[in-house]
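Colleague: I have a model open and a few things to ask about it. Can we go through them one by one?

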Amino acid sequence: MSDGATTASSLRPDVRWRRSPDLASWLPARWSTVLTVYLVSRVFSLVLLAVVWEAARLAGVEFRTPGAELSLLDFTTSWDADRYRTIALQGYPTVLPTDAAGNVLPNEWAFLPVFPTLCHLLMVATGMPFSGAALLLSTAFGAGAALVLYRLVDRAVGHRGAIWAVLLLCFGPLGFLFSVGYAEGLMLFLLFGGVLAMQQRRYGLVLACGVVAAFTRPGALALALALAVHLVVRWRTERDAGPSSGTGPAAGASSASSLRLRPWPWQVLPRRDLVQIVTAGAAVAAAGLAWPVVAHLATGQHDAYLQTEMAWWVDYVGRPAFVPLTPWFLLAGRWLGIAGIALVVALLVLAAVWFTRRSTLRLGHETVAFTASFALYLVAVFLPQQSLFRLLLPLTPLLGAPAVSERPVVRRTLLVGGIGLQPVAVVLLWLYVAP
């Protein structure tokens, strides 16, 4: 099949989705390969973490409290995992911490409750400490994320693209995050699961994944926007497909009339599907915007969540007023001037080009819409800093595109580069600063 034909197929969900593959027939053939890749990558990451921990311990590096002895298990639950530990054991503060000038300091309201709640439940059920529960859940959900990622990409471009997406995720520079007490594995499992459910038109499952994701890590709004794109694509595709047209003048007149009328979605899509799509999109969007309201109600401060998030901006840009779509330009302009702003514009142009390439579109409109929406979310609200690297992980399905997976030099360079950079990331982003 030609590249153009494949692209056309990927943009016609009414044809592609009616061939609903049997999951039971897929699992025995593929799950063991994906899990083998994941388990090998976990051994690799854990060995790296152990080597860095031992080297730092012998060098007398103080990880947390001066004079405190930190075990390897505690080492894997440092930084943000410490915040999750506090939430799991004590909950959220009802009074925001402030400095002498009254400015809000970094605190637990920046961290959403699903992951620490699951840790707490596992601790109660098993009696294990937080560090053990967090590491177990992170590793388990990372495996689930790898499996769902494979399934998501495999449906669009086949085994090669899917397995390379998994390889580049697990052995990438940030692959060690699935072996520390972070919520990344759970978030990717939910987001990829939501996109896969969208492909399969299981909108109730999209709703469930999106709502839980909204209380796991920021970014679930991208699923809501992807659902809106999905609705438009389904409407246009099924409208244009329409009833089979005949021949002759009457058929031509009917076709012309239908094009002029351009029926609305509720005149084209099954009512049940339309209601489910709109309901799921609205619910995910509401959940994605709910945490600031929760923080307001719990603390009595209307901008508690916004001020908490911006407390991490101080070292980079001070305390500016928050304006959507400006943080990247603000940081670049502050540190690099006009050249920095030009760099951001260039990055946005390159991203637009990548998302509209034929190779990328072969991943299907759901995956492209979700990843583009997530990238837009990052540009709209996030100040780029060291955490940017892990926040880019939801874009991993793009690495399964044929432009990467079908070019041996590109895919091998990315894999070798990821393996080589992971030790650097562990030292720089885990030993010295929070990733």
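Colleague: Start with Arg57: does it count as buried, partly exposed or exposed?
Modeller: At 32% relative accessibility, Arg57 counts as partly exposed. Buried means under 20% relative accessible area, exposed means over 50%, and partly exposed is what lies in between, with a 1.4 Å probe and protein chains only.

Colleague: Before going on, what sort of model is this, and how are residues numbered?
Modeller: This is a predicted model, in which local features need pLDDT of at least 70 and side-chain atom pairs count only at pLDDT 80 or more, while totals for chains, interfaces and linings use all residues. Residues are numbered from 1 along each chain as its sequence is written, and side-chain values use heavy atoms, with hydrogens and water left out.

Colleague: Back to Arg57. Which side chain does it meet in a salt bridge?
Modeller: That of Glu54, at 2.8 Å from N to O. A salt bridge here is a side-chain nitrogen of Lys or Arg within 4 Å of a carboxyl oxygen of Asp or Glu. Glu54 is partly exposed, with a relative accessible area of 26%.

Colleague: Where do Arg57 and Glu54 sit relative to each other?
Modeller: They are three residues apart in helix H3, and therefore separated by about one helical turn. Helices are DSSP runs of H or I with at least four residues, strands are runs of E with at least two, and both are numbered from the N terminus.

Colleague: How many salt bridges does the structure hold?
Modeller: Eight. One of them joins Asp80 and Arg390, whose closest N and O atoms are 2.5 Å apart. Asp80 lies in helix H5 (residues 80–90) and Arg390 in helix H22 (residues 388–391), so the pair ties together parts that are 310 residues apart in sequence.

Colleague: Is Asp80 buried or exposed?
Modeller: Buried, with a relative accessible area of 10%. Arg390 is also buried, at 5% relative accessibility.

Colleague: Which residues are linked with Asp80 in a network of salt bridges?
Modeller: Glu184, Arg217 and Arg390.

Colleague: What about Glu406, which side chain does it meet in a salt bridge?
Modeller: The side chain of Arg362, at 4.0 Å from N to O. The two residues are 44 apart: Glu406 is in the loop between helix H23 (402–405) and H24, and Arg362 is in the loop between helix H20 (358–361) and helix H21 (365–381). Glu406 is partly exposed at 40% relative accessible area, whereas Arg362 is buried at 12%.

Colleague: Changing topic. At what angle do H8 and H24 pack?
Modeller: Helix H8 (residues 159–170) and helix H24 (residues 408–432) pack at about 20 degrees, with their axes 9 Å apart. Axes are lines fitted to C-alpha atoms, for helices over the stretch in contact, and angles run from 0 to 180 degrees between N-to-C directions. H8 and H24 are therefore roughly parallel; angles under 35 degrees count as roughly parallel, over 145 as roughly antiparallel, 65 to 115 as roughly perpendicular and the rest as oblique.

Colleague: Which residues make that contact between H8 and H24?
Modeller: From H8, Arg160, Trp164, Leu167, Leu168 and Cys170; from H24, Arg411, Arg412, Leu414, Leu415 and Gln422. Contact means heavy atoms within 4.5 Å.

Colleague: And Ser45, what is it in contact with?
Modeller: Leaving aside neighbours within four places in sequence, Ser45 is in contact with Gly175, Phe176, Ser179 and Gln422. Ser45 is in helix H3 (residues 23–58) and is buried, with a relative accessible area of 0%.

Colleague: What is phi for Arg201?
Modeller: Near 60 degrees, a positive value in a residue other than glycine. Most residues other than glycine have a negative phi. Arg201 lies in the loop between helix H9 (184–199) and helix H10 (203–214), and at 21% relative accessibility counts as partly exposed.

Colleague: And phi for Leu325?
Modeller: Near 70 degrees, again positive in a residue other than glycine. Leu325 is in the loop between helix H17 (314–317) and helix H18 (327–336).

Colleague: Last one: how many helices and strands are there in the protein?
Modeller: There are 24 helices and zero strands. Of the 435 residues, 47% are buried.
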